[in-house]
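Please keep the sequence and the 3D view at hand while reading.

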Amino acid sequence: MAGAIIENMSTKKLCIVGGILLIFQVIAFLVGGLIAPDPTAAVPYMAAKCIDLQKNHHKTKWFIPWGPNQCDKLRYLDEAVNRQIEANDIVFAIHIPLPKNEMSPWFQFILCILHMDIAFKTNNQIKENAKVSLDVSLGYRDDTVSEWTEMAHAVETRKLNCTFGAPKTVEHEGKFYDCDFLPFMEIGTVAHKYYLLNIRLPVNEKAGVNVGIGEIKDIRLVGIHQNGGFTKVWFAMKTFLTPSIFIIMIWYWKRITQMTRPPVLLEKIIFALGISMTFINIPVEWFSIGFDWTWMLLFGDIRQGIFYAMLLSFWIIFCGEHMMDQNERNHFSSYWKQVGPIAIGSFCLFAFDMCERGVQLKNPFYSIWATDIGTELAMAFIIVAGICLCLYFLFLCFMVFQVFRNISCKQSSLPAMSKVRRLHYEGLIFRFRFLMLITLACAAMTVIFFIFSQVTEGHWKWGDFTFHWNSAFFTGIYGMWNLYVFALMFLYAPSHKNYGDDQSNGDLGVNTGEEFQLTTTITHVDGPTQVYKLARKEAHE
Amino acid sequence: MQSWISLPLNGWAFLLGLPITSSLTWGPGRWGLCCVPHRYLAKISSAGSISEEETCEKLKGLIQRQVQMCKRNLEVMDSVRRGAQLAIEECQFQFRNRRWNCSTLESLPVFGKVVTQGTREAAFVYAISSAGVAFAVTRACSSGELEKCGCDHTVHGVSPQGFQWSGCSDNIAYGVAFSQSFVDVRERSKGASSSRALMNLHNNEAGRKAILNHMRVECKCHGVSGSCEVKTCWKAMPPFRKVGNVLKEKFDGATEVEQRKIGSTKVLVPKNSQFKPHTDEDLVYLDSSPDFCDHDLKNGVLGTNGRHCNKTSKAIDGCELMCCGRGFHTDEVEVVERCSCKFHWCCFVKCKQCHRVVEMHTCR
């Protein structure tokens with residue numbers, strides 16, 4: 001057995017494989033750009049200012065901003081003074097979606113942020129560190145006539161972070177403060193057609209609740225959801241990718257088990273990468289169309305996290321196993337220094353996610369950023385994760401540098417070899433570098449597309465035909481990493497070629513020995529000790 | 001007395017003429033900022049809304065095509081009216097310290113008779129009015145008051161699959177399109193060849209551009225663990241005060257133009273060829289403005305007689321300039337002010353009353 005498929009494949013075949021993968025990559029990119037709409041849509045809402053005329057403030061009563069049974073509304077809050085309406089009598093009502101539309105399970109999630117229009121008044125300014133306290137209830141119904149059912153109710157406080165862009169003088173009265181928007185609500189499934197939000201800002205002077213928050217003119221809300229069209233394209237893509245990766249994974253594992261020796265670390269990690277990719281691919285989201293599973297968003301995060309951790313670990317081990325020095329690795333434990341930061345970083349992000357999205361399963365209005373302790377905790381998690389990531393990349397860069405240094409050392413001894421062996425070596429080095437290059441290209445592509453999709457406008461238009469960059473980014477990058485894993489499993493599977501040759505042919509035995517040094521543990525037949533003996537012999541010579 | 005130039009708001013008469021006429025019959029000197037909104041808004045809210053097709057026929061100042069549009073878009077008409085009110089309020093705020101203070105009068109013909117002047121002031125009023133309509137319609141869309149808006153794909157043909165496939169287009173697009181078709185139709189129906197029509201169309205568009213070019217882009221990251229892997233951005237309308245400020249700046253730097261024939265089309269070009277040609281956002285005017293100093297009903301100028309002025313200021317609100325050198329009276333007036341107030345975020349003010357003697361300067 002002479003090693004992995006990549007070593008035994010001719011350049012021509014390698015090019016063909018590369019070409020086919022490239023075609024799939026382009027298809028993945030175009031599917032997102034041309035078929036799918038933008039990934040998410042943001043709908044602006046303006047809260048209606050309903051008057052709660054019952055003085056006892058029934059919590060069960062819902063206020064509907066428009067349509068039949070709509071509430072008694074104020075157009076401007078200034079009107080309230082004359083009508084002797086107080087702050088506690090005002091309910092801000094928002095109906096999601098806007099008239100004539102229906103929400104759908106294809107939207108996957110709804111995320112809302114809140115914006116307050118606060119006018120500057122010299123004698124009613126926003127106090128420092130002002131906090132606004134919101135009494136919110138969320139209701140739903142599935143047809144236009146039935147009663148609203150309460151989904152969640154909470155009293156939340158949010159920090160008001162406002163600046164005033166002009167001198168605080170009488171001339172600038174009436175100008176609005178520039179306020180940061182407030183994170184407001186997140187629900188992980190859209191199982192109902194209509195949602196209704198009722199927001200109160202109760203004032204309690206003694207307890208200092210909602211005092212010193214300026215003169216609120218309006219409350220605006222922006223509702224973000226995934227576009228149904230994008231969800232459909234995304235699901236279709238996942239459904240198509242799952243069997244492709246799954247089949248190649250089975251094939252890969254079969255090849256490995258066919259060998260006489262137990263699988264080595266690199267083979268195992270590639271297999272694990274395949275499993276985590278399949279785990280992401282499996283379109284369990286289909287269930288969200290039929291079931292009200294609120295944890296889907298969190299589950300998606302966890303799956304992505306596992307894949308990222310796997311990918312990062314794979315790179316480290318890939319480099320380590322190609323180090324071509326005399327250290328024996330082939331054990332997960334010998335990589336603790338590099339894998340440790342990944343584990344800690346992933347755990348931090350997982351903890352952060354549980355604190356934010358995990359709690360949101362219970363209370364959709366919860367935000368970890370709303371309190372000081374929460375903000376500090378969240379920042380701590382994120383900073384530790386960031387440090388781990390930096391540490392990891394330092395290790396990775398150092399290892400890549402070492403590998404290339406070792407390769408160039410080997411290259412300098414190339415001219416002394418015979419022509420056949422030299423050509424063979426050069427080919428091997430080329431292919432190894434080629435794979436390194438592909439990895440770098442994939443990473444670079446991800447970064448470039450990410451930056452590009454952040455900078456550029458969502459879509460470009462040529463006549464009737466629109467290209468959605470954001471969607472193309474998602475499907476393209478997702479497809480790319482799938483193809484990457486696919487290619488890895490295909491090219492690094494043990495090859496059948498030359499099987500038995502190395503045993504019968506004595507001359508080739510030496511040849512294979514030298515080959516081992518490039519791809520070390522993957523290819524060895526007689527176990528690592530034999531290889532390292534050979535390698536050392538070579539080094540002494 | 002307030003000074004005024006006949007508002008070139010011929011087409012807007014209906015907005016002021018119908019249910020809210022009474023709210024605009026302020027006497028002189030009541031434009032003080034403190035007291036406008038409450039009275040004004042309270043009256044509007046109690047006024048009836050435009051809810052029947054017949055009401056469209058009764059609206060004064062509409063041309064036939066606008067009446068048809070009114071009938072077809074009844075639900076939008078309230079927003080149009082609100083937009084016009086917003087525009088007038090903003091205009092009066094921006095010009096509160098100038099000789100011409102954007103005042104309106106109760107009797108309707110004043111809008112009708114002297115509208116031939118293509119002054120800077122006219123340019124501003126046209127721009128702020130078309131901006132006001134676009135603004136109010138867009139706002140109404142977000143409040144759910146209108147059913148068409150960004151999701152009505154028959155209007156713009158954005159995406160045939162609709163809301164569930166790709167969401168709705170921006171409401172501002174609808175607001176601007178409606179303002180375009182409703183406000184501009186007056187000038188277009190006259191035949192857009194007269195220099196006045198060209199000026200009005202340009203200024204209408206400049207008003208809408210003042211909103212469009214100052215939309216705030218806001219973004220929210222919501223990827224894995226709240227990272228910016230997934231980011232959604234949207235455009236938020238600027239506050240109308242900002243639109244007013246932008247247009248006031250454009251008013252100060254407005255370009256005087258004249259009509260010229262280039263090829264077969266008539267275009268407006270700067271009168272002074274050394275000036276930079278104006279852009280879409282700039283205001284243009286044809287005639288220079290009067291000085292608004294003296295009472296001259298023939299030209300629709302009331303003069304600054306009776307206006308309050310600021311003794312210490314050297315700017316246009318200073319007594320020197322405001323009173324056009326005629327001098328001013330100084331009276332000592334006792335004003336009752338609210339002081340040491342307690343406020344809630346809405347509707348609750350508890351104040352003491354403070355008496356203060358101030359010097360009030362009034363132009364002769």
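## Terms and conventions

Two strands pair if DSSP finds at least two bridges between them. Helices (H or I, at least four residues) and strands (E, at least two) are DSSP runs, numbered from the N terminus.

The model is predicted, so local features need pLDDT of at least 70 and side-chain atom pairs count only at pLDDT 80 or more, while totals for chains, interfaces and linings use all residues. Residues are numbered from 1 along each chain as its sequence is written, and chains are lettered from A and ligands numbered from 1 in the order in which they are written.

## Chain B and its sheet

Chain B contains 14 helices and eight strands. Of its 364 residues, 41% are buried, a residue being buried if 20 or more other C-beta atoms lie within 10 Å of its own, exposed if 12 or fewer, and partly exposed in between, with C-beta atoms placed from the backbone.

Three strands of chain B form an open sheet in the order 4-3-5, with mixed pairing. Strand 4 (265–270) and strand 5 (284–285) of chain B each have a single partner strand and stand at the edges, so one side of each lacks a neighbour in the sheet. Strand 3 (residues 255–262) and strand 5 of chain B pair in the parallel sense over two bridges. Thr255(B) has Val284(B), in strand 5 of chain B, as its bridge partner. Helix 12 (residues 195–212) of chain B packs on this sheet and touches strand 3, strand 4 and strand 5 of chain B; two residues are in contact if their C-beta atoms, placed from the backbone, lie within 7 Å.

## Where the chains meet

The contact involves 60 residues of chain A and 41 residues of chain B. Helix 2 of chain B gives the most to the side of chain B that touches chain A, with five residues.

## Chain A: confidence and one residue

Chain A has a mean pLDDT of 83, and 87% of its residues reach 70 or more; pLDDT is the predictor's confidence in each residue, from 0 to 100. Among the elements of chain A, strand 11 (residues 194–200) has the highest mean pLDDT (94) and helix 13 (residues 506–519) the lowest (38).

Is Thr231(A) buried or exposed? Thr231(A) counts as buried because it has 23 C-beta neighbours inside 10 Å. This residue belongs to helix 4 (residues 228–258) of chain A. Not counting residues up to four places away in sequence, Thr231(A) touches Trp106(A), Gln108(A) and Gln226(A).

Notes:
Axes fitted to C-alpha atoms, helices over the stretch in contact; angles between N-to-C directions.
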